[in-house]
Amino acid sequence: HPRTHAMAVDLANTLATWLGYAVIAGACVVKVPQIHLIVRNKSSDGLSEAAAALDAIAACLFSYYCMLRNYPFSTWGEVALVAVQATLVLLLVWLYRPGTDFKCRCSSLVGWCLLSTAILSRARDDERLLSVLGTAPTVLTAVSRLPQISLNWRKGHTGQLSAITFFLQFLGNGARLLTTMQLLGCDALSLLTHGSTAAMNLVIVLQIYYYGGSRKVLPATKIVPVRPAAGRAVAVADLKHS
């Protein structure tokens, strides 16, 4: 019956909208566990700088795409919140990584802000640029996870990575697939972005579970000069196991 069908569609749209807001609410704190781990331990060990930077850029670009398409905030708002938190994670990686060239990285951040301004002011009437904005996050998200996955595999541990953060992101991507299909008419670019992100987040969650957060710490060697009875200095290795 047409009326029954219309009511069912309205109900599905309402549920999808509220599910979208639930995803946005969860996104407010999705990276808080990761930020807490870094700050508490004063270490960004195990986090890939390239992965953190690409994660922030991908989230920003997808937010720009949805804004310029005039999509309802309930269908993409969590990505904007993730963009802010991902940028904060990147800043913390710089802060707690020894030898970071802050001048170079801050210059890059300013350049990105200027580029973002140009994109938002010119892309609305450029269909080709909008297509690029919709496609780029999919590629960048996949690429952003690969350095982190590779780093975990090479080190044999996941360092300061938060299992809670990546698992919540995985759940959010799964829920967003449902709301996108219901509310946006199966936007292929949006579905591809959320689907690929969910798959990559799941891989990292499985890595954290597999490695159990264990860390391979090699004993540090401290050379302590001593003077033997014969009067000749020798070096004795003092191994300190952490």
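Q: How much space lies in the largest pocket?
A: Rolling a probe the size of a water molecule over the atoms shows where empty space is left. Here the largest pocket holds about 410 Å³. (A pocket is an open set of points on a 1 Å grid over the protein atoms alone, where a 1.4 Å probe fits, with protein on both sides within 12 Å along at least five of seven lines; lining residues have an atom within 4 Å of a point. Points join across faces, edges and corners, and volume is the space filled by probe spheres set on them.) The model is predicted: local features need pLDDT of at least 70, side-chain atom pairs 80 or more, while totals for chains, interfaces and linings use all residues. Numbering runs from 1 along each chain as its sequence is written, and side-chain values use heavy atoms, without hydrogens or water.

Q: Which residues are closest to the centre of the largest pocket?
A: Glu 78, Val 82, Gln 169, Gly 172 and Asn 173, out of 24 lining residues.

Q: Which helix gives the most to that lining?
A: H7, with 6 residues. (Helices are DSSP runs of H or I, at least four residues, numbered from the N terminus.) H7 spans 163–183; H1, H3, H4, H6 and H8 also supply at least two residues each.

Q: How much space lies in the second largest pocket?
A: About 230 Å³. Its lining includes Trp 94, Arg 105 and Trp 112. H3, H4 and H5 (102–122) each give two or more residues.

Q: Is Ile 164 buried or exposed?
A: Ile 164 lies in H7. Its relative accessibility is 52%, so Ile 164 counts as exposed (over 50%; buried is under 20%, partly exposed in between; 1.4 Å probe, protein chains only).
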